[in-house]
Amino acid sequence: MQKSEKSLEQLLKLKIEAKPDDFNDFWQARFNRILDLSPRPKIFDAGLRGNIRVFELEYRSTGNMKIYGWLTLPAMGLPKRGFVVLHGYGGRTGPDFELPFQDAAIFYPCCRGLGASKHPSI
């Protein structure tokens, strides 16, 4: 076992700090702001990549920040399943075409401040 790996027993022994007193109020306020948000989505057909149709999209998030991403769909027929695929700290510059799901709708959002959704305030 590598040094950074923990056994289940070790993980269960970890002490968990109590949540902050304002935890529920903070997240309820964020949720309420989202309910009032008008995301103004835009979607652009970016063409075919093999058997996959690619769409570029953008929408508004809190603070009127633009978020970018991609949607891939089967070029023919209806999708049989759907996925949301996020990314790590490096962000994302496009969809993944190596995934073995030719029959899926896959949404690839690029989180605020990272990759295609870079913003000078972040």
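Strand β4 (residues 81-84) and β5 run parallel and are joined by four bridges, where strands are DSSP runs of E of at least two residues, numbered from the N terminus, and two strands pair if DSSP finds at least two bridges between them. The model is predicted, so local features need pLDDT of at least 70 and side-chain atom pairs count only at pLDDT 80 or more, while totals for chains, interfaces and linings use all residues. Residues are numbered from 1 along each chain as its sequence is written, and side-chain values use heavy atoms, with hydrogens and water left out.

Strand β3 (residues 66-74) pairs with β5 in the antiparallel sense over five bridges.

| Residue | Stands opposite, in β5 |
|---|---|
| Val84 | Phe107 |
| Gly69 | Pro109 |

Six of the seven residues of β5 are buried (under 20% relative accessible area, with exposed over 50% and partly exposed in between, for a 1.4 Å probe and protein chains only).

In the segment after β5 (104-110) lies Ser117, which counts as buried because its relative accessibility is 0%. The Ser117 side chain reaches the backbone nitrogen of Tyr68 at 2.9 Å. Not counting residues up to four places away in sequence, Ser117 touches Lys66, Ile67, Tyr68, Cys110, Cys111 and Arg112, contact meaning heavy atoms within 4.5 Å.

Elsewhere, the charged end of Arg49 sits over the ring of Phe97, 4.1 Å from its centre; this term requires NZ of Lys or CZ of Arg within 6 Å of the ring centre and within 35 degrees of the ring normal.

Definitions and conventions. A polar contact is a pair of N or O atoms within 3.5 Å; within protein, one must be able to donate a hydrogen and the other to accept it, and residues adjacent in sequence count only if both atoms are side-chain atoms.
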